[in-house]
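Welcome, and please take a moment to look over the model before reading on. The notes that follow walk through it step by step.

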Amino acid sequence: MADSLLSYITLAMILFSIGFLGLISRKNIFIIYMSIELMLNSINLIFVSLGRYYESIEPQVISMLIIAIAAAEAAVFLSLIVVMYRKKGTLNSDIFTVLSQKDSL
Amino acid sequence: MSNFLLVWIVLIPLLSATILGIMYLFSIKVVKIPNYFFSSLGISAPFLSFFIACYFFLQMIGNDEVFLYKAYRWLGVDGYDIDMGFMADKLSIFMVLFISFVGGLIHIYASGYMKDDKGFGKFFFYFNLFVASMLLLVLANSPIIMFIGWEGVGVCSYFLISYYYEDGANVQAGNKAFIANRVGDFGFIVALITMFYYAGSNGFDYMHIEASISSVPTSVLTFIGASLFVGAIGKSAQIPLFVWLPDAMAGPTPVSALIHAATMVTAGVYMVARFHFLYDLIPNVGLFIAYIGAFSALFAAIIATKQTDIKKILAYSTMSQLGYMFIAVGLGGYSVGIFHVFTHAFFKALLFMGAGAVIVALHHEQNIFKMGGMKHKTKLVFYTMLIATLAITGIPPFAGFFSKDEILLTAFNSGEYILWGIGVITAVMTAYYMFRMIFVVFFGSNYKENRTIHFVPKSMTNPLVVLAIGSVLAGFIGIPEVLGGHNIVGEWFSNWKHNSLHVTHNTELILMAINIFAALIGIFIAYKKFYNYDMNKVPNFTGIVWNKFYIDEIYDILVVQSIKKLSVFISFKIDVNFIDRIVMGLSRGFIRTGQYVSRMQNANTRFYAFTMLVGISAISTYLILVIR
């Protein structure tokens, strides 16, 4: 039982790292979004496996909540990307520096 | 009680100075105010003080009452309280009387002398401020309050010496006076601190100090006395801090009359007399003071014999007379010293004012060898100046004779025959250089006949007459008993320690005759050399005496140049190579670090995420490996 928990968590860590590396290394904003989702779901995986391990219901509830929020967030995020694409005409994330101080300087 | 009036002696000139200052600012900024508003206010202030002082003087006759008034608490730190207190005992009121009276006369004179000056109001502002400081100095009830007046006098002298500030030399003279005085003030402060530490536990006014001074060890007393005297040396222009006094003649002539003859320079003598209870306990320091005074008197007299500037002759004679005063107070004859201060105030103010009148009459010519024959041109000035010269020379019955005779008698009586001898030699030289001045300025031959004489106003000549009367009569308050007189000054200060006379009346008379003889010798030499002096003959301007023994040059090398070298060394070597490098290196380091750090904030979100990754990894590693 404990071994299977460790392997689940290892899998989650690997997924998280892949997501994080994607976040850092890719420019396309869709890929960045997918990486974020990957990281989110790796955390979800930890919740679920811990809930199974301790045989309690709260982690399962939280993971359901995270899935629901992630769905809502996906809607907002995708609409934001559409608006931003209309403004700049590109999907390169390095162009979007509106909120940085560098532009205001 | 009417003791609160004491405050007004100081406050009236101070208030008047404030009003004059505001009026002057108004006058230059808004509407020009006529001169007589300034002069009438400025002149009335010292005379009002004089009348108040007269009131206290009359109350003091016949009893030993001391008037005290505490205006308010100035400083109060845990039991050590300094009150803004005023004290009028016989010494202070005596000083106040002639300071305010002679000061007032000089104010009248100044209203004539300065009447074409554009800073007329400013001048009277400084003058009244000066009188207020001087009165505070003598009326203070504690050394700390006295120090306020002491410094006020110093700063006013600085203002007034560099009054013609357009000329750089005058400003330098003012600086010189101020710096030389600061050296003296340092000694004064050290003495104050030491005194406060050892004798200030019960209160720090004169009475408490006097009560607790006897418990202080003698070595400390010697130190206090010597340090106090350093302050007196600075203020009263004695060796070695006298260099500022001749240069101080750069100011207008009324300034020389008020500050450098009658009042400020006597502050040192007053201070020694005020601390008589201290100097009574340390006769060694007193003897030292007397020797410094004697050498200053002789030294100044020697220099004065070769000077050509009429005001500088008088400046050196002031220093010489101050030396006499220090001989007296150093040997414990405080009343004698104060008596000479009193008579000196009259005749020296008169001499300066007469010199000023001659200078004005000749369109600001100060070289006596370019004057000549002024006897017929300015008769009144000649006769009043002659009286003053006879007074300073010590010819009876003029004022200086009695006071100078008493000083020399004090020296002889104390067994200090060297001091007495120096005093007599100085008397000969005094007579010589004073009559040299009189003969060259007022007599002489071959002077330019056709020169125009500038009009000397009545406001300048009338005070001369009053002071001339004073120079004749001032001595009569101190006629020695041997002449069948009655020494009023000695009686007035009867609660001071007095040296008992142990010389016989015959000796006294012989000494007196020696003094008169000495004066006559000086006059005779001057008569031989300078009566009917050919004004076309240019005197010999070389030699060590004419160059004032190169004292200024020696001080320049010893003090000024060495400090300058040190400053240059510090500013070009230590500052540039050491301090600048540290400071500039630090700031450059900050700039460089900032440039490095600013690369982090490059608006690249993915780079931020990478930084986060590095941070998180580092913290995780730490948590896992170290904390576990």
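Domain bounds come from an automatic or database domain assignment. For chain B, that assignment gives domain 1 (303-539) and domain 2 (554-627). The C-alpha centres of domain 1 of chain B and domain 2 of chain B are 70 Å apart.

A few words on how to read the names and values. This is a predicted model, in which local features need pLDDT of at least 70 and side-chain atom pairs count only at pLDDT 80 or more, while totals for chains, interfaces and linings use all residues. Residues are numbered from 1 along each chain as its sequence is written, and chains are lettered from A and ligands numbered from 1 in the order in which they are written.

**Chain B as a whole**

Along the principal axes, the C-alpha atoms of chain B fill a box of roughly 115 × 65 × 50 Å. Chain B has 24 helices and two strands; these are DSSP runs numbered from the N terminus, with helices (H or I) of at least four residues and strands (E) of at least two. Of the 628 residues in chain B, 50% are buried. A residue is buried if 20 or more other C-beta atoms lie within 10 Å of its own, exposed if 12 or fewer, and partly exposed in between, with C-beta atoms placed from the backbone. Two residues are in contact if their C-beta atoms, placed from the backbone, lie within 7 Å. Among the contacts in chain B with a separation of 6 or more, 80% are between residues 24 or more positions apart.

**Two helix pairs**

Two packed helices are described by the angle between their axes and the distance between the axes. Here the axes are lines fitted to C-alpha atoms, for helices over the stretch in contact, and angles run from 0 to 180 degrees between N-to-C directions.

| Helix pair in chain B | Angle | Axis distance |
|---|---|---|
| α2 (residues 35-60) and α4 (residues 120-139) | roughly 10° | within 9 Å |
| α18 (residues 399-413) and α22 (residues 505-530) | about 125° | 10 Å |

Angles under 35 degrees count as roughly parallel, over 145 as roughly antiparallel, 65 to 115 as roughly perpendicular and the rest as oblique. The angle therefore makes α2(B) roughly parallel to α4(B). Their contact includes B:F38 and B:A45 of α2(B) and B:F124 and B:V131 of α4(B). The residues of this contact divide into eight nonpolar, six polar and no charged. For these classes, Ala, Val, Leu, Ile, Met, Phe, Trp, Tyr, Cys and Pro count as nonpolar, Asp, Glu, Lys and Arg as charged, and the others, Gly among them, as polar.

By its angle, α18(B) is oblique to α22(B). Their contact includes B:L408 and B:F412 of α18(B) and B:L511 and B:M512 of α22(B). This contact has five nonpolar, one polar and three charged residues.

How many C-beta neighbours does B:F94 have inside 10 Å? B:F94 has 25, so the residue counts as buried. B:F94 sits in helix α3 (residues 90-113) of chain B. Beyond its neighbours within four places in sequence, B:F94 is in contact with B:I338 and B:W492.

B:M84 lies in strand β2 (residues 80-88) of chain B. B:M84 is partly exposed because 19 other C-beta atoms lie within 10 Å. Not counting residues up to four places away in sequence, B:M84 touches B:A71, B:Y72, B:W74 and B:I145.
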